Amino acid sequence: MMHDTEFTFVTPHAPILYQALAPEASDETGDRSSATISLENDRLTLKVTAGDIPALRAALNMWLRLINIAEEMQEIENHGKP
């Protein structure tokens, strides 16, 4: 049974986040999960699919952490604090 989820992040930093994360998505070679990211205007969409719940959770932890860090770096760059 496949499990999947989708998150959409609305942020003015979406294009920059997409550029930062696209190489990670293209290098993803997991046996138990896969992820794609897409960009539409100010919306960054993350789709994660996995064969089991633990793999889905692990992939989500990684991707959500990466997106959070990238967003925080943009906030620091633009405003001097997260």
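What follows is a chat about how to read the sheet, the helices and a few single residues in this predicted model.

Reader: Let's start with the sheet. In what order do the strands sit?

Author: Go by who sits beside whom. Here an open sheet of three strands runs in the order β1-β3-β2, and the pairing is antiparallel. Neighbouring strands are turned against each other by 15 degrees on average, ignoring direction.

Reader: Which strands stand at the edges?

Author: Look for strands with a single partner. β1 (3-10) and β2 (33-40) each have just one, so each has a side with no neighbour in the sheet.

Reader: And how many bridges join β2 to β3?

Author: Eight bridges link β2 with β3, residues 43-50, and the two run antiparallel. If you want a spot to look at on screen, find glutamate 40, which stands opposite arginine 43 of β3.

Reader: Now the helices. Where does α1 lie relative to the strands?

Author: Across β2 and β3, at about 155 degrees to β2. α2 packs on the sheet too, where it touches β1, β2 and β3, and its direction makes about 155 degrees with that of β3.

Reader: How do I describe two helices that pack on each other?

Author: The general idea is to give the angle between the axes and the distance between them. In this model, α1 (residues 14-27) and α2 (residues 53-79) pack at about 145 degrees, and their axes are 10 Å apart. The crossing of α1 and α2 is right-handed.

Reader: Which residues make that contact?

Author: From α1 you have Ile16, Leu17, Leu21, Glu24 and Ala25. From α2 come Trp63, Leu66, Ile67, Ala70, Glu71 and Gln74. Sorted by class, the α1 and α2 contact holds eight nonpolar residues, one polar and two charged.

Reader: Let's zoom in on Gln74. Is glutamine 74 buried or exposed?

Author: Check the relative accessible area: buried means under 20%. Glutamine 74 has 10%, so glutamine 74 is buried. This residue of helix α2 is in contact with His13, Ile16 and Leu17, leaving aside neighbours within four places in sequence.

Reader: Where does histidine 13 lie?

Author: In the loop between β1 and α1. At 8% relative accessibility, histidine 13 counts as buried. With neighbours within four places in sequence left aside, histidine 13 is in contact with Glu71, Gln74, Glu75 and Asn78.

Reader: Last topic, aromatics. How many aromatic pairs turn up in the whole structure?

Author: The search finds one. Phenylalanine 7 and phenylalanine 9 form the pair, with ring centres 6.3 Å apart and 15 degrees between the planes.

Reader: Why is that pair called stacked?

Author: Because planes under 30 degrees apart count as stacked, and this pair has 15 degrees.

Reader: And how accessible are phenylalanine 7 and phenylalanine 9?

Author: Phenylalanine 7 is partly exposed at 30% relative accessibility. Phenylalanine 9 is partly exposed as well, with a relative accessible area of 23%.

Note on methods. Residues numbered from 1 in each chain as written. Predicted model: local features only at pLDDT ≥ 70, side-chain atom pairs only at ≥ 80, totals over all residues. Heavy atoms only, no water. Phe/Tyr/Trp six-rings, centres within 6.5 Å; stacked < 30°, edge-to-face > 60°. Buried < 20%, exposed > 50% of the residue type's maximum accessible area, 1.4 Å probe, protein only. Axes fitted to C-alpha atoms, helices over the stretch in contact; angles between N-to-C directions. Helix = DSSP H or I, 4+ residues; strand = E, 2+ residues; numbered from the N terminus. Left-handed = near helix turned anticlockwise from the far one by under 90°. Contact = heavy atoms within 4.5 Å. Nonpolar A, V, L, I, M, F, W, Y, C, P; charged D, E, K, R; others polar. Pairing = 2+ DSSP bridges.
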